[in-house]
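Here is a short briefing on a ligand and the residues around it. Look at the structure first, then read the points below.

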Amino acid sequence: MLPFHKHKRSHFREEFKTLNDIFDLTSEQTVWKLIKQGVIEGLEGPLSIGKEANVFLAITKDDERRVVKMYRVTTCDFNKMYAYIAADPRFPSVHKNRRQVVSAWCQREFRNLLKAREAGCRVPTPFAALNNVLVMEFIGDESASQKVHTEAPAHPKTFFDQVVKNMQLLHKAGLVHGDLSQFNILNCDEEPVLIDFSQTTTRENPNFEEYLARDIKNVAAYFVKLGVKTSEERLRKKIMVE
Ligand SMILES: Nc1ncnc2c1ncn2[C@@H]1O[C@H](COP(=O)(O)OP(=O)(O)OP(=O)(O)O)[C@@H](O)[C@H]1O
Ligand SMILES: [Mg+2]
C-alpha cells in the first residue's frame, strides 16, 4: 500500500475506505484536517482494530512515527460511554448525542495522557485531539511494542515494580487509570508503558474507589500468575506510599 501522503485528496478517501471496516465520513475529514494542520503527514497502515477504536500508524513530515487512535462513532457502546462521561465532573455539559459523547471521550483521553505525563507516569505523549481522533507518540522501535498479555516481561518482579511506581505516581496526582490490566500495558523493551486512558478519572469522581479497586485486582492477579509475590492488599499499600 502506498503511504497516504503520496496521494491526492480523492485517493486518500479511497485508501481510507479500504483501511476502515466501517467507513465514517467525519473521521475521514478529521484525519484530513490533521494532515492539513501538519500534525501528521499521512497514515501508513493499521495497528489494531479494537472494539472501541481503530488504531493506525502515522508519519510526520520529519519521518517520525505517530499513533492515530480513531474512536468509533457508529459502532461504539454509546450508553456505557455516556454513563462514564456523565459521572466525570470535568465534563459537565455533554449531551446524550453520539458524536458529542465520542468527541468528549477522545478529549478526555488526551487530557488524561497529558496529566499522567506531567505526573511522571510513562505514557505515550499526546500531540492532538480533534473530534474523535487522537494523535500520540508511537511506542516501539522497528515495530510497535506489544501488550504484556502478548509479550510477558522477561523479569516479572522488576517489571512489576515499575508498574507499581507508575500507579503510585498516578495516585499521587489524584488519578485512577480505570482499565489497567495486561491488555493496556505495553512492553517497551522491558519497560512498562501505560496506554488507553479514556476511562481515567479524578478523585472527585464518585466511582474513583471502585476503579482503583478494579485496577489493583487486575494488576495483582496478572503478576501473581507470573510468579510475583504480591496480593491486592500489598499492592494497595505500595500505591498509597507517598
Ligand atoms: N501509542 C501507541 N504505540 C504503539 N501501539 C499502540 C499505541 N496505542 C495503542 N497501540 C496499540 O493499539 C492497541 C489498541 O489501543 P487501545 O488499547 O488504546 O484501544 P482500545 O480501543 O482499548 O482497543 P482494544 O479494544 O484492542 O483494547 C493496543 O493494544 C496497542 O497494541
Ligand atoms: Mg485497550
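**The site around ligand 1**

Domain 1 (4-76 + 111-137) and domain 2 (146-240) each give at least three residues to the shell around ligand 1. The model is predicted. The space that ligand 1 takes up is the largest pocket.

**Residues in the shell**
- How many residues surround ligand 1? There are 18.
- The closest are Lys69, Glu137, Ile139, Lys147 and Asp196.
- By class, nine residues of the shell are nonpolar, three are polar and six are charged.

**Polar contacts and burial**
- Which atoms of ligand 1 lie close to a polar side-chain atom of Lys69? An oxygen atom of ligand 1 is 2.7 Å from that side chain's polar atom.
- Lys147 also places a polar side-chain atom by an oxygen atom of ligand 1, at 3.0 Å.
- For Asn184, the distance from a polar side-chain atom to an oxygen atom of ligand 1 is 3.2 Å.
- Ligand 1 alone exposes 600 Å², and the protein buries 89% of that.

Methods: Residues are numbered from 1 along each chain as its sequence is written. Chains are lettered from A and ligands numbered from 1 in the order in which they are written. This is a predicted model: local features need pLDDT of at least 70, side-chain atom pairs count only at pLDDT 80 or more; totals for chains, interfaces and linings use all residues. Side-chain values use heavy atoms; hydrogens and water are left out. A residue is near a molecule or strand if one of its heavy atoms lies within 4 Å of it. A polar contact is a pair of N or O atoms within 3.5 Å; within protein, one must be able to donate a hydrogen and the other to accept it, and residues adjacent in sequence count only if both atoms are side-chain atoms. Accessible areas come from the Shrake-Rupley method with a 1.4 Å probe; for residues, only the protein chains shown count as cover. On a 1 Å grid over the protein atoms alone, a cavity is a set of points where a 1.4 Å probe fits but cannot get out, and a pocket is an open set with protein on both sides within 12 Å along at least five of seven lines; lining residues have an atom within 4 Å of a point. A molecule sits in a cavity or pocket if more than half of its atoms lie within 2 Å of its grid points. Ala, Val, Leu, Ile, Met, Phe, Trp, Tyr, Cys and Pro count as nonpolar, Asp, Glu, Lys and Arg as charged, and the others, Gly among them, as polar. Domain bounds come from an automatic or database domain assignment.
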